[in-house]
Amino acid sequence: MLTNNTNTERIEQYLEGKLQGAELTSFEQELQQNPALAQEMAEFQLLLTDLRHYGQRKQMKALLDGFHQNLDQREVEVGLARYRTNFRLLRRKYFPTIAAAASVALITVFGTLFTLDYVRSLEKTSQTNYRSLLRKIQLNQNKLNNLENSLDTAVLNSIAINRDQYLKGGGTGFAVSADGYLLTSYHVVKKSDSIFIESTVRPDQRYKVELIFGDEEADLALLRVNDKKFTTFGKIPYMLKQDLADLGEDIFTLAYPREDAVYGEGSVSARSGFEGDKAAYQVSIPVNPGNSGSPVFDAAGNVVGIIKGKQLESEGVAFALKSPAMLAMIGKLPPDTLKVPLNLPRTNRLAGQKRVAQLKKIQDFVFQVKVY
Amino acid sequence: MKPAAIATEADFVNALRNEERTLMNRLYKMHFPMVLHLVGQNSGSEAEAKDVYQEAFLVLYENLQKPDFELSCKIKTYLYSVSRRLWLKRLTRKKGQADIQDFEEFLPFEDSAAAVTENEFRFQAMDVALGKLGEPCRTILEDYYLNDFSMVQIADKMGYTNADNAKTQKYKCLNRLKKIAEGIKNVDQ
């Protein structure tokens with residue numbers, strides 16, 4: 001046992017580089033001549049590797065446990081709902097008919113809430129308008145109730161519905177010309193006293209902007225920077241697509257649902273928007289309050305739409321105004337609206353690049369819109 | 001103000017390589033629902049999902065510590081693939097046979113299936129060995145090899161008269177651990 005200890009000690013000292021002079025020479029000599037010692041050293045090294053690996057893994061496990069405790073149960077459920085409402089999965093899991101009913105129900109749920117909130121926002125509109133909308137809600141509510149009964153309730157329960165999570169003020173906007181024009185959703189800036197844009201990517205870029213033109217029906221607003229500090233946004237890397245996006249096309253967005261730019265991806269799920277709105281797409285991008293006004297890009301980095309309306313914090317169904325509709329609004333601007341000509345970007349410098357590279361370029365042109 | 005707010009795939013990979021905890025936490029949060037769904041859909045509990053996910057996360061982390069390891073797919077795909085493999089294995093053990101409903105792309109991992117669970121096996125073996133080794137050996141070895149205490153500190157903490165005595169004890173412990181660990185490995189093989 002004693003010899004064994006001595007050997008282990010010498011091996012360790014050798015490995016730690018503490019053997020010197022004659023001791024070192026003799027040890028190395030012994031190592032060559034005595035295979036048992038060499039074997040012992042190999043075993044010692046293996047044991048230490050295992051021990052260190054154990055230590056690291058234990059530490060890492062503790063760290064992960066910490067992460068797990070930090071999880072926000074609500075966020076997890078929202079994330080989970082995204083997988084559960086995945087249509088492909090539903091189709092596989094349930095009978096096709098039920099799956100179809102489920103997707104209708106989802107749209108109705110979101111649609112109803114959408115309408116509810118829309119009603120709330122219509123404070124100053126006329127009584128008739130208000131009533132007709134209310135009827136619609138009741139109709140939708142009835143439809144929903146019927147569906148709810150006929151559905152596997154688990155499907156519905158899985159959707160985290162939180163009625164308090166509506167968008168309030170603030171949103172996202174993106175530059176459409178180097179000399180200061182931006183687009184956002186009209187409802188974001190409708191009731192503003194003053195509007196500012198901010199970028200967390202470039203904190204030096206905080207500018208006062210003014211509302212140049214707003215189209216309530218399309219829910220689109222044109223803003224322009226009105227700030228002495230401002231010189232230029234720089235060359236815009238994307239352009240507004242003149243054609244329609246295809247059904248199922250991969251799309252992505254960059255938005256400010258919080259004080260931080262958030263990336264989201266999905267696809268074009270329908271060629272029409274809320275209640276058959278022909279000017280909008282239904283998109284499967286997870287949207288959060290603050291997503292309003294964020295640009296929707298296709299894989300090549302063209303702007304194909306802008307997220308509009310107010311949505312629940314849940315994912316699955318969102319609506320985006322189509323880019324041709326955006327171009328149409330810009331084209332129809334009353335002649336005197338623009339003091340400075342609006343030169344839309346004519347080239348796309350993002351095509352063929354990886355998403356990460358595209359985002360790096362895009363992030364400088366997407367802003368948080370703050371309304372005071 | 002915070003610096004660049006968008007974290008790219010490369011940022012997350014670097015965060016795992018350099019153990020940047022804030023970003024790692026974000027990554028952890030990001031993909032847990034996916035694995036929770038995977039395990040939940042395939043007759044597992046939330047606790048099992050947590051185990052599987054943490055193991056997959058560890059596998060990714062440990063692989064990224066190797067300089068020659070290159071991640072050939074998205075982090076998400078990798079985590080899904082490893083989790084899937086781990087859960088398939090557990091299900092097979094529980095039920096004899098198993099089939100998983102997939103909803104994400106994945107790498108099949110046919111040949112490296114053993115490698116996926118090897119590290120956890122090594123960890124468990126060492127855990128058992130250290131348990132059998134008992135005190136004070138366990139603390140001495142952990143303090144010296146894992147917590148980087150000096151022999152003087154250890155002698156002080158464990159009540160040895162001097163560092164040399166503690167050192168002798170440490171080598172005794174190490175040799176005992178080696179025997180125990182060999183025993184465990186042999187039993188398992």
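Two strands count as paired here if DSSP finds at least two bridges between them, and the strands themselves, like the helices, are DSSP runs numbered from the N terminus, with at least two residues (E) for a strand and at least four (H or I) for a helix. Keep that in mind as we walk through this predicted model, where local features need pLDDT of at least 70, side-chain atom pairs count only at pLDDT 80 or more, and totals for chains, interfaces and linings use all residues. Residues are numbered from 1 along each chain as its sequence is written, while chains are lettered from A and ligands numbered from 1 in the order in which they are written.

Let's start with strand β11 of chain A, residues 318-322. β11(A) pairs with strand β10 (residues 303-307) of chain A in the antiparallel sense, over 3 bridges, and there A:Ile307 sits opposite A:Ala320. Strand β8 (residues 280-283) of chain A also pairs with β11(A), again antiparallel, this time over 4 bridges; here A:Ala280 faces A:Leu321. β11(A) is mostly covered, with 5 of its 5 residues buried. Buried means that 20 or more other C-beta atoms, placed from the backbone, lie within 10 Å of a residue's own; 12 or fewer makes it exposed, and anything in between partly exposed.

One of the pairings joins β2 (residues 181-184) to β5 (residues 220-225) of chain A through 4 bridges, and A:Thr184 has A:Ala221 as its bridge partner in β5(A).

Now over to chain B, which has 8 helices and 0 strands. Of its 189 residues, 28% are buried. Look at contacts, meaning pairs of residues whose C-beta atoms, placed from the backbone, lie within 7 Å. Among those in chain B between residues at least 6 apart in sequence, 59% join residues at least 24 apart.

How do α2(B) and helix α4 (residues 75-95) of chain B meet? Their axes come within 10 Å and cross at roughly 40°; axes are lines fitted to C-alpha atoms, for helices over the stretch in contact, and angles run from 0 to 180 degrees between N-to-C directions. The two helices are therefore oblique to each other, a word for whatever is left once angles under 35 degrees count as roughly parallel, over 145 as roughly antiparallel and 65 to 115 as roughly perpendicular.

Finally, the two chains touch: 40 residues of chain B are in contact with 41 residues of chain A. On the chain B side, α2(B) gives the most, with 9 residues. One partner of α2(B) is helix α3 (residues 35-70) of chain A, packed at an angle of about 60° with the axes 10 Å apart. α3(A) and α2(B) are therefore oblique too, and their crossing is right-handed. A:Leu63, A:Leu64, A:Phe67 and A:Asn70 of α3(A) meet B:Arg21, B:Asn25 and B:Tyr28 of α2(B).

How values were computed: Left-handed = near helix turned anticlockwise from the far one by under 90°.
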